[in-house]
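Hi everyone, thanks for coming. Please take a look at the screen while I bring up today's example.

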Amino acid sequence: MFTKKSFEVFEIAGLTPRMAAIRSIIQPEFAQLGNKLLTELSVNFPSENFYLHIAKHLRRTTNPPENTWCALSTKPRGYKMEAHFQLGIWQDYVFLYLSIIDQPKNQQRYAELLAEPSLRNIVPKDFVLSKDHTKAEFFPLTDWSAAVERLGKVKKAEFELGRVWPAERFEDQSSEVIFSEMMATLKQLMPIYQQLMEV
């Protein structure tokens, strides 16, 4: 599970030193947590094969990453082409989202489904939205309609839904408590993901 040291990685200056810390400290945590989440997905969707993708940040040449993540999807060679799950960490918080980013081919249809009141009504009240996976910000569910409408109209729009855990939670509470909340979040996202998978 993530620790204080995990968040301190983002205080390290320079691309090479920060990437070294991401590889040695955070990526093993992604491997452990990601595989547990992967097992849960495989149990609930036995007809699908899921794959764990850990971000490598290979395109970066100067600026160190401000966050990092792993993704779970049904595609062995990537994840951005479809709705998928992301577990990630910024300097101030950890997130677990159902993610629609980088213009997947079914973006318009995803927006149509997310606009359905029946889907919106099953979302837990403490969930949040992210509208841009490159920014350390999230929004309340009151932004749902506007975010979904934008997803359907704007090609570069993004939509992420899930739960966040402030960094201080990882100092005060046991990893078992937080992991149980992550598993609960994944299960709560599954009915929505199931609808999107049928596109």
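Which residues touch the most other members of the largest nonpolar core? They are Phe2, Leu87, Leu114, Leu161 and Met182, out of 56 residues in that core. A nonpolar core here is a set of buried Ala, Val, Leu, Ile, Met, Phe, Trp, Tyr and Cys residues joined through side-chain atoms within 4.5 Å, and buried means under 20% relative accessible area with a 1.4 Å probe, protein chains only.

Two notes before we go on. This is a predicted model, where local features need pLDDT of at least 70, side-chain atom pairs count only at pLDDT 80 or more, and totals for chains, interfaces and linings use all residues. Residues are numbered from 1 along each chain as its sequence is written, and side-chain values use heavy atoms, with hydrogens and water left out.

Back to Leu87: its contacts (heavy atoms within 4.5 Å) include Phe2, Phe30, Trp69 and Met182, leaving aside residues up to four places away in sequence.

Next, two helices (DSSP runs of H or I, at least four residues, numbered from the N terminus). H3, residues 107–114, packs with H5, residues 144–153, at an angle of about 155°, their axes 8 Å apart. Axes are lines fitted to C-alpha atoms over the stretch in contact, and angles run from 0 to 180 degrees between N-to-C directions. H3 and H5 are therefore roughly antiparallel, the word for angles over 145 degrees. On the H3 side, Gln107, Gln108, Ala111 and Leu114 make the contact; on the H5 side, Trp144, Val148, Leu151 and Gly152 do.

Finally, Asn49 counts as exposed because its relative accessibility is 55%, and exposed means over 50%. Asn49 touches Ser73 and Thr74, again not counting residues up to four places away in sequence.

Conventions:
Parallel < 35°, antiparallel > 145°, perpendicular 65-115°, else oblique.
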